[in-house]
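Here's a quick tour for anyone meeting this structure for the first time. Have a look at it, then read on.

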Amino acid sequence: MNFKKVLYLCIFVFLFVFKINAQQEKPSDTASIGKLAIYDLKQSVKGIGYSFSRPAHWKKKDFTTLGTFLVGSLALSTIDDEATDMFLKNEKHVPNFLMEAGQRFGKPQLYFATNAALYGVGLFTKNENLRRTSVLIISSSVTTGVIQSLSKTLIGRARPTGISQGLDSRDFKFWADDAGFHSFPSGHTVLSVTMAHAIAKQFNNTWTKVGIYALGSISPMSRLFAGAHWLTDVGAAAFLSIVVVDAVDNFLFKTKAYDYPQKEKKIAWNFSFSGNKVGVIGRF
């Protein structure tokens, strides 16, 4: 079963559970595991629906953020070919275990198995923090997964592996079934950044956050060194993941679906332009 089928199956199951339990109240700490699981599925569905509906409620600052992202991506795309050439030349210097770890963790099977284990521990120990984190991850993952899967096919951007065939970062085959034209955005980056950002939001310590983001960057970087994606593929995927995770987290926070023992923490993400440098800065 491929990633798209898994995503659609998850959405169907979540919508079914949500429909028959639409009026359920937040269960108490002494509620059964079954009731907790049903409640969490309901919140996952609501989180997915909320994140997909956000563009209809965007305000001026949201469109400004989108505009900044588009301008930054356009600027970054001017060095896509040169950056890929640099990554490919230095791939031999990257330890094999990092390349292997990046490749494996970005796969849906291992990703969802990891989150299932996290949720299982939270459910059977009735740990609300773990349950909330897992709900945030799965809701964000389904949303970003659907968006990136459709985008890959619709946009049809050639992968760096097509360089040997005379292709570059400006070659597209819209609505393509060919995996060689499924470069934008990076699926590995979407999954790894989604999980890293969702987990990092649960901690207040800056260095803990830095460590989590460092681990989450292994998969995106490995894809660059492997020549599987252009720099803008990874940048766009990271931006998408951060925006969706923040949206779902805001929803869970505002609706008081779970207890947030401390004030919600946010990271301000901005593009930085300086001379011949383009980057993304996150301020804790």
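Let's start with one residue. Valine 121 sits in helix α6, which covers residues 108-124. This is a predicted model, and in it valine 121 counts as partly exposed because its relative accessibility is 46%. Arginine 131 is 10 residues away from valine 121 in sequence, and the two C-alpha atoms are 8.4 Å apart in space.

## The whole chain

Of the chain's 284 residues, 43% count as buried. Its accessible surface comes to about 15100 Å², and carbon and sulfur atoms make up 64% of that. As for contacts with a separation of 6 or more, 73% are between residues 24 or more positions apart.

## Helix α11

Just after α11 comes lysine 256, which takes a positive phi of about 55°.

## A nonpolar patch

Over on the surface, Leu154, Phe172, Phe174 and Trp175 form a nonpolar patch, and together they have about 510 Å² of accessible area. One of them, phenylalanine 174, is in the loop between α7 (128-155) and α8 (187-200). Phenylalanine 174 counts as exposed because its relative accessibility is 63%, and the cut-off for exposed is over 50%.

Terms used. Residues numbered from 1 in each chain as written. Predicted model: local features only at pLDDT ≥ 70, side-chain atom pairs only at ≥ 80, totals over all residues. Heavy atoms only, no water. Patch = residues over 30% accessible without salt bridge, like charges linked within 9 Å, V, L, I, M, F, W, Y side chains within 5 Å. Areas by Shrake-Rupley, 256 points an atom, 1.4 Å probe, with all protein chains shown as cover. Salt bridge = Lys/Arg side-chain N within 4 Å of Asp/Glu carboxyl O. Helix = DSSP H or I, 4+ residues; strand = E, 2+ residues; numbered from the N terminus. Buried < 20%, exposed > 50% of the residue type's maximum accessible area, 1.4 Å probe, protein only. Contact = heavy atoms within 4.5 Å.
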